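I opened the model and kept notes as I went. Here is what I looked up.

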Amino acid sequence: SNAGGLGDILGSVLGGQRTKGGFGGKGMLIAALMPMVLSWIKRNGGLSGALSKITGMGYENQARSWMSNQQDNDNLDPNDISQLFDENEIQQVAAHTGANDVEVRQGLAELLPEVMNQLTPSGNLDNESEANEEIDQIINQLSSRLGALK
C-alpha cells in the first residue's frame, strides 16, 4: 500500500514493537489510539474539518506547526485532550491497554499532531482527498489487524 507516513507509524507500531508478550507497552497504546485519532478526524469532516475544529478551539499555532515542514510539531497539552476526545473513549482505551488515563491523554496529545503532520506532507491541504482515503484504509486495516489479535 502507498499509505506513506501513516503507514510508517502503523508499521512501526504493528510490526516493530512486538515483544514475546505481544506488543511493547507504548506500541499497544499507540495501536489502540490510532483508530481513535483517525475516527476523530473522520467524524469532524476529514482533514480540513478537523484542522478547523482545532484552530477554532484556539490551537491555531499548534495546527500550523503540524502542517509545516519547517518546524517541529507543537504537541497539545494532555489536559486539553478532553476537549477533543470523549472521556468514555479515553477510559476504554485505558482499560483495554492497561495504561492510565494520563498516559492515554499524553499519547493522544503526541499522536494527533504526528498524524496530522503525516497527512499534510506538502504543508497544505492539497492532498486532502488522498489523506481522507488513507484514513479510511488505515481504519479498515487496523480493525482487521486488531480483530485478528483478539
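At what angle do helix 3 and helix 6 pack, and how far apart are their axes? I looked at a predicted model, where local features need pLDDT of at least 70, side-chain atom pairs count only at pLDDT 80 or more, and totals for chains, interfaces and linings use all residues. Residues are numbered from 1 along each chain as its sequence is written, and side-chain values use heavy atoms, without hydrogens and water.

**Entry 1: two helices.** I found helix 3 (residues 46-56) and helix 6 (residues 101-119) packed at about 135 degrees, with axes 12 Å apart. Helices here are DSSP runs (H or I, at least four residues), and strands are E runs of at least two. Axes are lines fitted to C-alpha atoms over the stretch in contact, with angles from 0 to 180 degrees between N-to-C directions. I then listed the contact (heavy atoms within 4.5 Å). Helix 3 gives Leu47, Ala50, Leu51 and Ile54, and helix 6 gives Leu112, Met116 and Leu119.

**Entry 2: rings.** I searched for aromatic pairs and got one. Rings of Phe, Tyr and Trp (its six-membered ring) pair with centres within 6.5 Å; planes under 30 degrees apart are stacked, over 60 edge-to-face, the rest tilted. Trp40 and Phe85 are tilted, at 5.7 Å centre to centre and 40 degrees between the planes. Trp40 lies in helix 2 and Phe85 in the loop between helix 4 and helix 5, so the pair ties together parts 45 residues apart in sequence.

**Entry 3: confidence.** I checked pLDDT, the predictor's confidence in each residue, from 0 to 100. The chain's mean is 81. Strand 1 (residues 18-19) is lowest, at a mean of 39, and helix 3 highest, at 93.
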